[in-house]
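The structure comes first, then the text.

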Amino acid sequence: MTVSINLKNILSTLPCAVKLVLVSKYQSVETIMEAYNTGYRVFGENKAQELITKQPLMPKDIEWHFIGHLQTNKVKYIVPFVSLIHSVESLKLLMEINKEALKNNKIINCLMQFHIATEETKFGLSYQEAEEILNSDDYKKLNNINICGVMGMATFTEDKQVVRKEFQNLKHIFDTLKSKYFAGNETFKEISMGMSDDFHVAVEEGSTMVRVGTAIFKEV
Ligand SMILES: *Cc1c(COP(=O)(O)O)cnc(C)c1O
């Protein structure tokens with residue numbers, strides 16, 4: 001029952017316009033079904049193998065988001081069912097997603113992941129790398145992907161000012177890309193930022209999608 005209570009509590013604090021991606025990594029199918037049975041349908045996984053294993057065991061009306069580092073050799077397994085890939089961080093990956101999307105006769109929605117944290121270990125593009133992708137001829141030929149916005153992870157720290165600055169930076173990147181490359185494109189609208197420890201700050205700074213796991217699956 002705690003899952004459904006935690007989920008309800010968190011949903012009640014979020015503005016309607018902010019989508020909650022329920023991060024179900026490490027959770028058993030049984031536990032995830034507890035959230036599903038409350039009516040929730042939007043789930044996120046960060047490891048391709050884990051997603052590929054769970055997806056066939058779960059109801060088909062789940063909206064699956066992929067939020068972790070994605071290897072090109074795993075793309076073909078998730079493209080047939082995934083709704084949004086949050087973690088595009090290279091042209092090579094984007095081209096692979098496009099290739100598999102074409103084979104499946106689909107258009108796959110993607111976010112560009114930016115490196116906004118100070119830690120070296122977090123994945124993601126720099127602003128300059130993103131521009132290189134968007135200006136490239138290869139990118140312009142991709143008809144089966146749709147870039148809908150940006151994603152980022154803040155530094156793991158208690159210092160909320162640091163976290164806030166990083167989210168402001170991601171919002172600024174979004175605004176700049178929007179005006180330079182996606183003006184008039186209504187589908188470029190998502191800013192995926194905020195996790196269990198920092199989603200309130202992220203929402204204050206303009207997040208449209210929060211990715212929350214621990215705060216929902218913890219025991220209270
Ligand atoms: C695990 C994970 C989350 C959720 O983190 P919690 O702290 O459990 O809320 C969000 N985004 C990504 C990319 C993750 O890997």
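## Cysteines and a helix pair

Cys110 is buried, at 0% relative accessible area (buried is under 20%, exposed over 50%, partly exposed in between, with a 1.4 Å probe and protein chains only). Cys148 is buried too, at 7% relative accessibility. This is a predicted model: local features need pLDDT of at least 70, side-chain atom pairs count only at pLDDT 80 or more, and totals for chains, interfaces and linings use all residues. Residues are numbered from 1 along each chain as its sequence is written, and side-chain values use heavy atoms, without hydrogens and water.

| Cysteine | Relative accessible area | Nearest cysteine sulfur |
|---|---|---|
| Cys110 | 0% | Cys148, 7.3 Å |
| Cys148 | 7% | Cys110, 7.3 Å |

How many disulfides does the model hold? The count is zero, where a disulfide is a pair of cysteine sulfur atoms within 2.5 Å. The sulfur of Cys110 lies 7.3 Å from that of Cys148, so the two are too far apart for a bond.

Now the helices, which are DSSP runs (H or I, at least four residues) numbered from the N terminus. Helix α6 (residues 127-135) packs with helix α8 (residues 160-181) at about 20 degrees, axes 12 Å apart. Axes are lines fitted to C-alpha atoms over the stretch in contact, and angles run from 0 to 180 degrees between N-to-C directions. The pair is therefore roughly parallel (angles under 35 degrees).

In contact (heavy atoms within 4.5 Å), α6 supplies Tyr127, Glu131, Leu134 and Asn135. Their partners in α8 are Ile173, Thr176, Leu177, Lys180 and Tyr181. These residues divide into five nonpolar, two polar and two charged.

How values were computed. Helix = DSSP H or I, 4+ residues; strand = E, 2+ residues; numbered from the N terminus. Parallel < 35°, antiparallel > 145°, perpendicular 65-115°, else oblique. Nonpolar A, V, L, I, M, F, W, Y, C, P; charged D, E, K, R; others polar.
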